[in-house]
Amino acid sequence: VAPVSFPFAGLHEILGQTGEADFAAATAFAAITSARLKGGVLWCMDRSQVYAPAIAAFGLSPTKVFYFYARNDEAALSAMEEGLRHASLAAVIGEVSRMSLNASRRLILASE
C-alpha cells in the first residue's frame, strides 16, 4: 500500500460525529499533522479543551502553539482569518460549531 500524502496548503475540515472520543481523535489528527510543519500554530477555540501535554504526546510541542480563546464562533473565525494571513504561522486550527459558506470562502482566500 502506497503512503497517502496530505495536502498541507489550503483549508481542511476535520469532523467527528459527537462526543469526547471524536473530539479527541480530531484533536490528535490536527496535532499530528501540525507537528510535521516548521513554524508556529495558531489554535482558536471557544473554551479550554486542549491539554498541552496530550498534544505534545502526538509530537506538537506546546512551545509552538499560540492559543486564542474566542467568545464565540465569529471571533474564532475572525482570528483564524487573520492568522492565515500571517506568514510565520505554519498552521491555523479552529474549533467552531458552525461555519457559513461565506466564512468558509473567506478562510480559503486567506489560506491562499
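Modeller: One convention for the angles comes before anything else: axes are lines fitted to C-alpha atoms, for helices over the stretch in contact, and angles run from 0 to 180 degrees between N-to-C directions. The model is a predicted one.

Colleague: At about what angle to strand 1 does helix 1 run?

Modeller: Helix 1 covers residues 20-35 and strand 1 covers residues 40-45. The helix lies across strand 1 and strand 3. Relative to strand 1, its direction is at about 160°.

Colleague: In what order do the three strands of the open sheet come?

Modeller: Strand 1 is joined to strand 3 by five bridges, and five bridges also join strand 1 to strand 2. Strand 2 and strand 3 each have a single partner strand, so they stand at the edges. The pairing is parallel, and the order is 2-1-3.

Colleague: Which residue of strand 2 stands opposite Cys-44?

Modeller: Towards strand 3, Val-41 is opposite Ala-91 and Leu-42 is opposite Val-92. Towards strand 2, the residue opposite Cys-44 is Phe-68.

Colleague: How many of the six residues of strand 1 are buried?

Modeller: One side of the strand carries Gly-40, Leu-42 and Cys-44, and the other carries Val-41, Trp-43 and Met-45. Both faces are covered. Strand 1 is therefore largely enclosed by the rest of the structure, the buried count being six of the six.

Colleague: Which element gives the most residues to the largest nonpolar core?

Modeller: That core has twelve residues, among them Ala-30, Leu-37, Val-50 and Ile-93. Helix 1, strand 1 and strand 3 each give two or more residues to it. The highest contribution is three residues, and it comes from strand 1.

Colleague: How many residues does the other core have?

Modeller: Val-65 is one of the residues of the largest core, where it touches Val-41, Trp-43, Ile-55 and Leu-60, residues up to four places away in sequence not being counted. Apart from this core lies another, with Ala-70, Leu-77, Leu-89 and Ala-103 among its members. Its residue count is eleven.

Colleague: Is Ala-90 buried or partly exposed?

Modeller: Ala-90 belongs to strand 3. Beyond its neighbours within four places in sequence, it is in contact with Leu-37, Lys-38, Gly-39 and Gly-40. Buried would need under 20% relative accessible area. Ala-90 has 29%, which means it is partly exposed.

Colleague: Which residue's backbone oxygen does the side chain of Thr-33 reach?

Modeller: Thr-33 lies in helix 1 and is buried, at a relative accessible area of 13%. At 2.8 Å, its side chain reaches the backbone oxygen of Phe-29.

Colleague: How far apart are the end C-alpha atoms of helix 3?

Modeller: Helix 3 has twelve residues, 73-84, and at 1.5 Å a residue these should span 16 Å. The model agrees with that, because the end C-alpha atoms are apart by 16 Å.

Colleague: Which residue has a side-chain oxygen reaching the backbone nitrogen of Glu-74?

Modeller: The buried residues of helix 3 include Asp-73, Leu-77 and Met-80, and their cover includes strand 1, strand 2, strand 3 and helix 4. At the start of helix 3, the backbone nitrogen of Glu-74 is reached to within 3.2 Å by a side-chain oxygen of Asn-72.

Note on methods. Residues numbered from 1 in each chain as written. Predicted model: local features only at pLDDT ≥ 70, side-chain atom pairs only at ≥ 80, totals over all residues. Heavy atoms only, no water. Core = buried A, V, L, I, M, F, W, Y, C linked by side-chain atoms within 4.5 Å. Buried < 20%, exposed > 50% of the residue type's maximum accessible area, 1.4 Å probe, protein only. Helix = DSSP H or I, 4+ residues; strand = E, 2+ residues; numbered from the N terminus. Contact = heavy atoms within 4.5 Å. Polar contact = N/O pair within 3.5 Å; in protein donor to acceptor, adjacent residues only side chain to side chain. Expected span 1.5 Å × (residues − 1). Pairing = 2+ DSSP bridges.
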